[in-house]
Amino acid sequence: MDKDTRNAIERATQRIRRLLQEDFAEQLDAVFDVRMDGRVAEKGGRHLSGRQLILRDRIVAAIEHKRRAGMQQADAVRDYIRDAAFTTLNRFAALKMLEPRGLVQECISRGENSIGFQEFCGLAPALKTADGAGYRFYIESIFDELSTEVKVLFDRRDPASVLWPKKATFDDILEILNVADLKGVWKEDETIGWIYQFFNSGEERRQMREESAAPRNSRELAIRNQFFTPSYVVQFLTDNTLGRIWHKMRDGCTGLAEKCEYMVKRSDDAEESSSPAKKDPRDLRILDPACGSGHFLLYCFALLLLIYEEAWNDETPPASSVTGSTLRQDYATIDDLKKAAPGLILRHNLHGVDIDPRCAQIAQLALWMRAQRVYMDNKVARGERPIIRRANIVIAEPMPGDPKLVEDFSSSLRPAMIGGLFSEIVSEMRLAGEMGSLLPIERTLAKSINGARTAFNEEQSRKEAFLPGFAPVKSQREFDLSDISNSAFFEKVEENIFSALKAFVSDAVNGKGTRRRLFADDAEQGLAFVELFGRKFDVVLMNPPFGDGSLLAKQEFEKLYPRTKNDVYAAFVERGVEILHEGGMLGAITSRTGFFLSSFRSWREDVLLKKAPPVVFADLGAGVLDSAMVETAAYCLEVQS
């Protein structure tokens, strides 16, 4: 995508953001009695209808949820408006991208004259109204249909989707989206990623840097490091990690040898390291620990399609640890496999983490659209396509900040030890938004669970050593193990918490639904984060943040990463190496400073040379990451056996 096209996307994104934020701020003030200075009326005004009172409760609950997470009241209101504007923009942009892919009828490219709405009105003529209410109903019905698969973006229960632009604003937005300068961008998968980057302006980033040398919180850390990774860098790093691993597993007999045009091949007389054991594709795990809009994951998707086909055709395939069977045993024909492959890739292979909740919207939408394109290419009819409900994109953020809800939920968990563990997870996740994938929560939890298991076994062995009533009293910090009957339950701790969360939300009554749903969404993300980092990966790919970390996490960050505390990107590489299998590979584009500055000596000696030496290295220089003022290098590391 050339510079002129990117500039056009940036102008459109910034114009729509201003329109939406001004409109939504006015609605909050004039309709819902929520002021920009943070003041919120105790009750909704008498002018509100019953439906508007319900909507107001959802808005206020969302703002209060942000405040309990540590925001000032005025900041919480502004952040809610940003969320609402970003979600609205993404939804309309998504429809523009879905139209040319045949995933929805023409619905917004000609406004109310779009073919889809005209046919809709043919069934219900009364919906063609002067105030646009019928058209809004039509668009929202599309959102509802799409939410069965792309829930994170189109779910209208999300408090960020409560507000709808006034008709004049809506008409202006459609006019901007439908200008001739943008006509060609909607067929490109990367367009939604550029919208994500351009939503926050360069001027906003400059102001943040002028006010503070280091990011002051997770939002600033995310905004300062939103730089789109060029496609050739994505290909270079992926070809030489995922591509190289599969190439070695098949002793070079793979179509990836041609498809991966950036793969660095050894000369004929060079010795290649021993080939790793073959894996069923469903057992290949790939992570982008700072995934942004999912650019790395999208390219991995393309390579994995070929990998799955080659594995199905393999004469001596391994069985998968997921099913215990080979691909050919699970899918009788190659057509059966092609139909299942997009869902398998999203379910088993691709994983992403980011501290910006908006990334979940963008990355999941992009991956879903990529899957739909494969179905279309394979001529799988819309009604025959397997439903893909979500991708493995996890938001790293603090878990619920409402102490009362945490206490209520924890006390409802049985055995009681699970409640104690959940409370510990909440405490440990307090800096998740500041540290993201750098938070090694799996270490703490593994230590706690193992400690509880040991304590339980010791207690069982000495159970009869005391007369009734004379057993030692547990300290307040110890887990309550009294209602655990055997050690098997320790293997299903997370499963029990997820089940309890669903029940907790379904029991919500009397206006508590939004607050409990927000609580449950955060808790679910937190538990998914824990689960993700409880396992190892074959490939880690990243364009991580660089520079200073968040001031709020400075002390914890320096304690956890003493060798790499001088720059966040070095810590991301250290963390990436830690979570890889032996023989696993890491690909990264970062500042080049780590390879020559004396302050990175420990990183070079202890992380790179001892644990994961470079396999390929490219000194790219300046001007690679769009507006980022940094000289970069792209390199791939291989974890030593």
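**A friendly note on this predicted model**

1. Let's begin with lysine 379. At 76% relative accessibility, this residue counts as exposed, because exposed means over 50%. Keep in mind as you look around that this is a predicted model. Lysine 379 sits in the loop between helix H16 (357-377) and strand E3 (392-395). Its backbone is worth a look too: lysine 379 has a positive phi of about 60°, although it is not a glycine. Why point that out? Most residues other than glycine have a negative phi.

2. Aspartate 251 also deserves a visit. Its phi is near 50°, a positive value in a residue other than glycine. You will find aspartate 251 in the loop between helix H11 (231-249) and helix H12 (256-259). With 58% relative accessibility, aspartate 251 counts as exposed.

3. How do H3 and H16 lie relative to each other? The axes of helix H3 (residues 73-98) and H16 come within 10 Å and cross at roughly 10°, which makes H3 roughly parallel to H16. The residues of their contact divide into eight nonpolar, three polar and three charged. On the H3 side they include Asp83, Phe86 and Leu98, and on the H16 side Arg358, Leu365 and Trp368 are among them. Two of these names return together: arginine 358 lies over the face of phenylalanine 86, at 5.3 Å from the ring centre.

4. Aromatic rings come next. The whole structure holds 25 aromatic pairs. In one of them, tryptophan 603 and tyrosine 635 have ring centres 6.4 Å apart and planes at 70°, so this pair is edge-to-face. Tryptophan 603 belongs to helix H25 (residues 601-611) and tyrosine 635 to strand E7 (residues 632-638), so the pair links distant parts of the chain, 32 residues apart. Both residues are buried.

5. Tyrosine 635 has another partner to show you. Phenylalanine 617 and tyrosine 635 form a stacked pair, with 6.3 Å from centre to centre and 20° between the planes. Phenylalanine 617 lies in strand E6 (residues 614-621) and tyrosine 635 in strand E7, so the pair ties together parts that are 18 residues apart in sequence. Is phenylalanine 617 buried, partly exposed or exposed? At 40% relative accessibility, phenylalanine 617 counts as partly exposed, while tyrosine 635, at 0%, counts as buried.

6. Two last stops for your tour. Ring pairs link a cluster whose members include Phe92, Phe117, Tyr135, Trp164 and Phe170. Elsewhere, arginine 285 lies over the face of phenylalanine 537, at 4.4 Å from the ring centre.

Key:
Residues numbered from 1 in each chain as written. Predicted model: local features only at pLDDT ≥ 70, side-chain atom pairs only at ≥ 80, totals over all residues. Heavy atoms only, no water. Helix = DSSP H or I, 4+ residues; strand = E, 2+ residues; numbered from the N terminus. Buried < 20%, exposed > 50% of the residue type's maximum accessible area, 1.4 Å probe, protein only. Axes fitted to C-alpha atoms, helices over the stretch in contact; angles between N-to-C directions. Parallel < 35°, antiparallel > 145°, perpendicular 65-115°, else oblique. Contact = heavy atoms within 4.5 Å. Nonpolar A, V, L, I, M, F, W, Y, C, P; charged D, E, K, R; others polar. Phe/Tyr/Trp six-rings, centres within 6.5 Å; stacked < 30°, edge-to-face > 60°. Lys NZ or Arg CZ within 6 Å of the ring centre and 35° of its normal.
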